[in-house]
Amino acid sequence: MPKRRDILAIVLIVLPWTLLITVWHQSAIAPLLAIRKDEGAEGRREAGGQDSKEYCASDKDIVEVVRTEYVYTRPPPWSDVLPTIHIITPTYSRPVQKAELTRIANTFLHVPNLHWILIEDSQRRTPLVTSLLRETGLNYTHLNVETPKNFKVRGDTRDPRIPRGTMQRNLALRWLRETFKNNNSQPGIVYFADDDNSYSLELFEEMRSTRKVSVWPVAFVGGLRYESPKVNAAGKVYGWKAVFDPHRPFAIDMAGFAINLKLILSKPQAYFKLRGVKGGYQESSLLRELVTLNDLEPKAANCTKILVWHTRTEKPVLVNEGKKGFTDPNMEI
Amino acid sequence: MLGEVSSISNLLEEEIATMAARMKLKLKTVFVLYFMVSLMGLIYALMQLGQQCDCAEHDLPKDRAISRLQEELYRLQGQIRQLEKAKQPEKKQPPKSSLSTIFVITPTYARLVQKAELTRLSQTFLHVPQLHWILVEDSPRKTSLVSNFLMKSGLTYTHLNIPTAKERKLQEGDPSWLKPRGVEQRNEGLRWLREDRKTEPGDNGQQGVVYFADDDNTYSLQLFEEMRSTQRVSVWPVGLVGGMKFESPVVEGGKVVRFHTGWRPSRPFPMDMAGFAVSLRLVLANPDACFDGEAPMGFLESSLLKGLVTVDELEPKADNCTKVLVWHTRTEKPKMKREEALQVQGLGSDPAVE
């Protein structure tokens, strides 16, 4: 009996300490959790800070605005209520690629609940894009599909008969359909953004309220200052203000509309038409399978404001590289 | 072994018993007390980590949120590490409470893509703390487009304007390299900066870096952190300029020895406007240093820098000038054939829409 009592005594003494040690071993993660909680709280505080504006009444010649110091957390913390904006961007290797992706990433870093789907026109995912995406900190999906050579644009002529980026956008649509099943309650908006356009931050907030398909004006397309949908007094789209074939079913640029994710998922056969598409009809090839003109929702103050510009970047002059290449080819640009 | 342990436990028991006897307590009570205390401690420790246990039962969105926040944390930690590495060891430590301000001087002029360029440039600048944007319009009057844009931008800014003299201006058909552009505007920015700093006495007001940024280039965020530690003039590679993939200073032993460029390497400072930054102190110490509009093509940067530093004193950044953090992109002029055709008919698109 004494022996048993001894053992019991030993056990009773040792047991709490062993439990404590195991628990403390797990708690090596506790400080990390504490930091994580702090980060989240900080983010919310600072995101609110951006709304405060202070204007200095100053003399008319020099206008100066001094704001309270705040730094955006990059990217903004994820919200459980905002619908996610899935941005589909096809990209391909050329000298300005890294520059374009860098500045468009700087834009996206301001938008909350953004999911960037970047599809490369290549056989394999390039390390340039892989490391760029990782360093931005954005929420992203990196895909790739190579356009067969007979579809590719010859040289750098913008031949509208061969639509660039079609296979890449279709791959993204397929990925979305495979990832999000129809019964999923996650609200989302799908937007096709090219990597050389310019976007204002207001645009992303306008498109978040899309129920089916929303539209807005786009600058510098169709050889005009801007192309725009025609909106009647009832707030419905009845036509297109465009010169280049205004009788297209949807005379709109890729950057001029956004689609609700539910609509994409409910019509799994809707894709961009790959072959036999006339110049300027690519957008119509997808949209006509999704909506009618009547269902379109005009945004940007009933299509009176420009929130996206179809800018194009000049091809850089590389004459001084010569035949063999003057600069170090290992330097990533 | 067990015998030894049991003997030890017996000894312990005896000791505790004597102590208890002294305090007139039963042994059992002591044991119970000890057990309770250790149990309390354990429960308290578990509570501290309680969140982790609860997480296992949370639904998926919260989990995803946490993993994303975790990614952010790792990324931020990585960034902090990068920043520490980028900082140069200084003898005089700047005040740790505030970062030195980066004054960005950007000349701009009205053209179709102006608002688009300024919009995406401002989106980059919004990520940079302590940045003061000095935007100088090439115009006799401040335009409402730029004024309204700056007000809504959310940046700390100064809006200036100065028109370029007619003979210095590029005409419609001129190629962009014919005459130097933005000279008066940049000089105006420097002049304003010097005036403004006079009203801010004390050492803190002299801290800062001046950078000349054109509105169509592309800047990575890391660039601004690299230039913050400029003591005199810092330099780095620029992509897509000079007819090459990139132009760069060549660094040996931490010093710039020559320049890697394909065009006129005999210039005193053969680099692009976007490839260097000047410390505010140096700008204020040389009140006459400005850009010379009469300088031959490509010598604009040299006209400013030769009065400020020698090649020997240049500070190389971007990992000893091995990384490209800024690109000299240019935006195409949008084709307006149809617009022009429409305007002839009197049906041009509403000019009131910006």
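## Rings, charges and an annotated site

Author: Let us begin with a single aromatic residue. A:F180 has a relative accessibility of 11% and therefore counts as buried, the cut-off being under 20%. Please bear in mind that this is a predicted model.

Reader: Which aromatic residue pairs with A:F180, and in what geometry?

Author: An aromatic pair is read from the distance between ring centres and the angle between the planes, and planes over 60 degrees apart count as edge-to-face. A:F180 pairs with A:W175 at 6.4 Å centre to centre, with 80° between the planes, so the pair is edge-to-face. A:W175 has a relative accessible area of 21% and is partly exposed.

Reader: How is the pair of B:F212 and B:F276 classed?

Author: That pair is tilted, with 50° between the planes and 6.2 Å centre to centre. B:F212 belongs to strand β4 of chain B and B:F276 to strand β10 (residues 276–279), so the pair ties together parts that are 64 residues apart in sequence. Both B:F212 and B:F276 are buried.

Reader: How many aromatic pairs does the structure hold over all chains, and which residues do ring pairs link into a cluster?

Author: Over all chains there are 20 aromatic pairs. One cluster linked by ring pairs comprises B:F125, B:W133, B:F149, B:Y211, B:Y219, B:F224 and B:W236.

Reader: Where do charged groups sit over rings?

Author: Such an arrangement is read from the position of the charged end relative to the ring centre. B:R111 lies over the face of B:Y109, 4.4 Å from the ring centre. The charged end of B:R186 sits over the ring of B:F291, at 6.0 Å from its centre.

Reader: Where does UniProt place the feature "binding site", and what surrounds that residue?

Author: The UniProt record, an unreviewed entry, places it at B:D216. This residue is found in the loop between β4 (209–212) and β5 (218–219) of chain B. Its relative accessible area is 12%, so B:D216 is buried. Leaving aside residues up to four places away in sequence, B:D216 touches A:R103 of chain A, as well as B:E117, B:T329, B:R330 and B:T331 of chain B.

Reader: What describes chain A as a whole?

Author: Chain A has nine helices and 13 strands. Of its 333 residues, 50% are buried. Chain A exposes about 16800 Å², of which carbon and sulfur atoms supply 55%. Among its contacts between residues at least 6 apart in sequence, 73% join residues at least 24 apart.

Methods
Residues numbered from 1 in each chain as written. Chains lettered and ligands numbered in written order. Predicted model: local features only at pLDDT ≥ 70, side-chain atom pairs only at ≥ 80, totals over all residues. Heavy atoms only, no water. UniProt positions renumbered as here; feature names shortened; annotations may be inferred. Helix = DSSP H or I, 4+ residues; strand = E, 2+ residues; numbered from the N terminus. Buried < 20%, exposed > 50% of the residue type's maximum accessible area, 1.4 Å probe, protein only. Contact = heavy atoms within 4.5 Å. Phe/Tyr/Trp six-rings, centres within 6.5 Å; stacked < 30°, edge-to-face > 60°. Lys NZ or Arg CZ within 6 Å of the ring centre and 35° of its normal. Areas by Shrake-Rupley, 256 points an atom, 1.4 Å probe, with all protein chains shown as cover.
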